[in-house]
Amino acid sequence: PPPLVAFLMVSAMFLDYAILILYAVSMVAIALYSRNRSKTVKDFLFAGKKGLNGWMTAFAYGTTYFSAVIFIGYAGNFGNQYGLASVWIGIGNAIIGSLIAWKVLAKRTKLMSHNLNSKTMPEYFEKRYESKSLKLTTSIITFVFLIPYSASVYNGLSSLFEIVFGIDGLIIMIALALITAIYLFFGGYFATALSDFIQGIVMLVGVILMVIFFLNSSQVNWDLTTLVSSSEHNWFTFESTNTGIYGNTISLLSLICLTSFGVWALPQTIHKYHTIRDDYAIKQGTIVSTIFALIIGFSAYFIGALSLKFPELTAGYKPDQFIPVLVKFIIPSGLIGVIAVLILSASMSTLASVSLSSASTVAVDLYKGKINQQASDKKVTLTMRVFCLIFILISVVLAILNEKFNITAIAYMMGLSWGTLAGCFIGPFVLGLLWKKTTKAGACASIISSLVLTIALIVILGYDKCQWACSFSKAIQTGIGLSPMIGCICMAFSMIITFVVSLFTQKPNEETISLAFKK
């Protein structure tokens, strides 16, 4: 190119890198700024005694809800598979996963956790159902099954930076882990919430820019007629030539169900209800989180559907890689950094929340609750910080192994995590909030049998889909690919078995119930 054009291209490239560096420095600065506000367990987990306002909590909820997985794994995979019908996933996330979830759960969770003095979901189970063994079991399940979700986020980001910037994915995963570890170790939940608010604004601006540039590209040119009129890829027709139980209709409905109802029982999203300040903040947060989810969810899947308009650019790439490839070719230099920060923002907030939820189950529920009940607040806080680092390390190692050996797609790593946790916990958690007669036996039946059912369905359906002619490892890999459908089955099973077993088992202690439901 002419010298002036070459100079402008290089300047734009440096601007992209400058934006990324500024973002990283900002996250570290937030951690250092808030380090004095996370000295106690309550500070580290809940950002102090008063809690947070509705805006900050809503943005923390939304940025935890949507990570790199939605923009890379989910949008690329399912936008390509279902076309514009995939936007119903985003709409479901806004209505069911945000609006109705906040209406049903937020106030009740805040009140009951205060009445029972519970800081985490396992501690809630212990005090609501008067069972230390239930607390131990849920702590282990939470720690183990949040790891695949965290790893999927690292994989998504490594894919983005390898394709767009040509940076080795291993370097990106390690750098991201270090930044997350720093601001989480020093700042705790206050640093996470403050950065989530900033990151939420970046996400809104970035996703709107992405939609505009994709629509304005020469391949689309604001013309959606082929997508809307296609018999296979339109707003309401989901069917494909595959009419079996794995067909597009069932598959899409499973995704809507998993990603919308799953957040009703995930420790990292439920944690946000614990931290909100008061009833006014809950009303505020309900509105803000719903609007946030609608914009982000709809836009992400809409962009994924637009990938169908660029077959010449996506040829030779896996669906997981479609969005990074299109960002590289469609977004102009100088703005690619903004889009990269959009996906970084979605991911870092999720990683911090997931790491905090997992570390808190070990520090509060296992260490303080089981190993050293006399541990001081300072020791518990230090343990929580250390296990944040351990969780991040394990997640990065799993992400590296997944990338090296191509174990499973990014989207299905997330589906495995969400499906297992929600399948185990949704019945005991939601019915425990709403129904006084929910019993310990019902909760135990759900958690244990749903975990067994999840594993059994992964194996059976994995073998079934490859027609019982594959190895065990291949069957497991195939079964994990069906994790959205398996997660939905297990969530429904959890609600049913918790209700049925509670009807026929010993009623919970009246004093505990009176305290838990006290207004």
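Buried means under 20% relative accessible area, exposed means over 50%, and partly exposed is in between, using a 1.4 Å probe and protein chains only. By that rule E123 is buried, since its relative accessible area is 7%. Welcome to a predicted model, in which local features need pLDDT of at least 70 and side-chain atom pairs count only at pLDDT 80 or more, while totals for chains, interfaces and linings use all residues. Residues are numbered from 1 along each chain as its sequence is written, and side-chain values use heavy atoms, with hydrogens and water left out.

**Salt bridges**

- The structure holds 4 salt bridges, a salt bridge being a side-chain nitrogen of Lys or Arg within 4 Å of a carboxyl oxygen of Asp or Glu.
- As background, side chains of opposite charge can pair when their charged atoms come close.
- One of these bridges joins the side chains of D279 and K107, at 3.6 Å from N to O.
- D279 sits in helix α12 (residues 279-306) and K107 in helix α5 (residues 87-116), so this pair ties together parts that are 172 residues apart in sequence.
- Helices (H or I, at least four residues) are DSSP runs, numbered from the N terminus.
- D279 is partly exposed, at 41% relative accessibility.
- E123 pairs with K127 in another salt bridge, where the closest N and O atoms are 4.0 Å apart.
- Because E123 and K127 are 4 residues apart in helix α6 (residues 121-129), about one helical turn separates them.
- K127 is partly exposed, with a relative accessible area of 26%, whereas E123 is buried.
- E126 and K132 also form a salt bridge, with their closest N and O atoms 3.1 Å apart.
- Here E126 is buried at 11%, while K132 is partly exposed at 47%.
- A network of salt bridges links E126, K132 and K135.

**Two buried threonines**

- T142 belongs to helix α7 (residues 132-165), and T142 is buried with a relative accessible area of 0%.
- The T142 side chain reaches the backbone oxygen of T138 at 2.7 Å; this is a polar contact, meaning a pair of N or O atoms within 3.5 Å, where within protein one must be able to donate a hydrogen and the other to accept it, and residues adjacent in sequence count only if both atoms are side-chain atoms.
- Which residues does T142 contact, leaving aside neighbours within four places in sequence? They are P267, S358, T361, L421 and F425, where contact means heavy atoms within 4.5 Å.
- T259 lies in helix α10 (residues 248-261) and is buried, at 2% relative accessibility.
- The side chain of T259 reaches the backbone oxygen of L255 at 2.7 Å.
- Not counting residues up to four places away in sequence, T259 touches Y65, Y74, I89, N93 and W418.
- T259 and W418 are 159 residues apart along the chain, yet their C-alpha atoms are separated by 7.9 Å.

**An enclosed helix**

- Is helix α11 (residues 267-275) buried or exposed? Of its 9 residues, 9 are buried, so helix α11 is largely enclosed by the rest of the structure.
- The buried residues of α11 include P267, H271 and Y273.

- I496, F499, V500, L503 and F504 make a nonpolar surface patch of about 520 Å².
- Patches are made of residues with over 30% relative accessible area and no salt bridge, with like charges joined within 9 Å and nonpolar side chains (Val, Leu, Ile, Met, Phe, Trp, Tyr) within 5 Å.
- F504 is in the loop between α20 (483-503) and α21 (510-516), and F504 counts as exposed at 70% relative accessibility.

Conventions:
Areas by Shrake-Rupley, 256 points an atom, 1.4 Å probe, with all protein chains shown as cover.
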